[in-house]
Amino acid sequence: MASSGRAIQYTIPAREDFSKLSDEQKTRVGEAFDLFDSNKDGLLSYEEFRFVLRALGFELPKTQTYDLLVRHGQKPPSWPLDQECPPVYRLFNLPTAQAIAGTLIRQRDPREELLRAFRLFDVDGKGIISQDDLRRVSAQVGNNIPDADMLAMIEEFDASGKGGVDEDEFLRLMMSKK
């Protein structure tokens, strides 16, 4: 039974941005895809795709993710060829997910990404990364940095002696690493 009405055109997103990513970034995209491909069929549902994007640091609004699904989602292999596939059933394969992730990664604002990283440390929103913040994050990642080393880090980068590294100091430090 063929569907009536307007057929939706599926487009394959350009992979130029993905090809320009570093090997590390490409690996992260592939690992996120593999992690959330729950049935290991090489295809992601809409929900799995949203998890992949979150794992890569993107919190896209549902409307934007849904638009990607409408434009780039593909019919499941078992879907009848003569029937239109509603977006809710469409899937993303690895090349499509890589292309979309590549574009999103290349569009990132490095400063905004660093501020997001700062906020991961400064969960209380006090405007500085303190020794307590470093201790908490160190424990969360399973890295036991001695208190003396954490204090030395804070003192080295705390230009004004306030007992922590503020956003500007963090940005200067991280931007000098690039």
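These entries record what I looked up in a predicted model.

**Entry 1: annotated spans.** I began with the UniProt record, an unreviewed entry, whose annotation "domain: EF-hand" covers residues 24–59, 109–144 and 145–178. I then examined two of these spans in the model. For residues 24–59, I found 64% helix and 6% strand, with the end C-alpha atoms 21 Å apart. For residues 109–144, the end C-alpha atoms lie 31 Å apart, and the span is 61% helix and 6% strand.

**Entry 2: packing of H2 and H3.** Two packed helices are described by the angle between their axes and the distance between the axes. I looked up both values for helix H2 (residues 23–36) and helix H3 (residues 46–55): the angle is about 140° and the axes are 9 Å apart. The crossing of H2 past H3 is right-handed. I next listed the residues in contact: H2 contributes Arg28, Ala32, Phe33 and Phe36, which meet Glu48, Phe51, Val52 and Ala55 of H3. Sorted by class, the residues of this contact are six nonpolar and two charged, with no polar residue.

Entry 3: The largest cavity has a volume of about 40 Å³. I noted its lining as Arg50, Leu53, Arg54, Phe58, Glu59, Leu60 and Thr65. By class, I recorded three nonpolar, one polar and three charged residues in the lining of the largest cavity.

Key: Residues are numbered from 1 along each chain as its sequence is written. This is a predicted model: local features need pLDDT of at least 70, side-chain atom pairs count only at pLDDT 80 or more; totals for chains, interfaces and linings use all residues. Side-chain values use heavy atoms; hydrogens and water are left out. Axes are lines fitted to C-alpha atoms, for helices over the stretch in contact, and angles run from 0 to 180 degrees between N-to-C directions. Helices (H or I, at least four residues) and strands (E, at least two) are DSSP runs, numbered from the N terminus. A crossing is left-handed if the near helix is turned anticlockwise from the far one by less than a right angle, and right-handed if clockwise. Contact means heavy atoms within 4.5 Å. Ala, Val, Leu, Ile, Met, Phe, Trp, Tyr, Cys and Pro count as nonpolar, Asp, Glu, Lys and Arg as charged, and the others, Gly among them, as polar. UniProt positions are given in the numbering used here, feature names are shortened, and annotations may be inferred rather than shown by experiment. On a 1 Å grid over the protein atoms alone, a cavity is a set of points where a 1.4 Å probe fits but cannot get out, and a pocket is an open set with protein on both sides within 12 Å along at least five of seven lines; lining residues have an atom within 4 Å of a point. Grid points are joined across faces, edges and corners, and a volume is the space filled by probe spheres set on the points.
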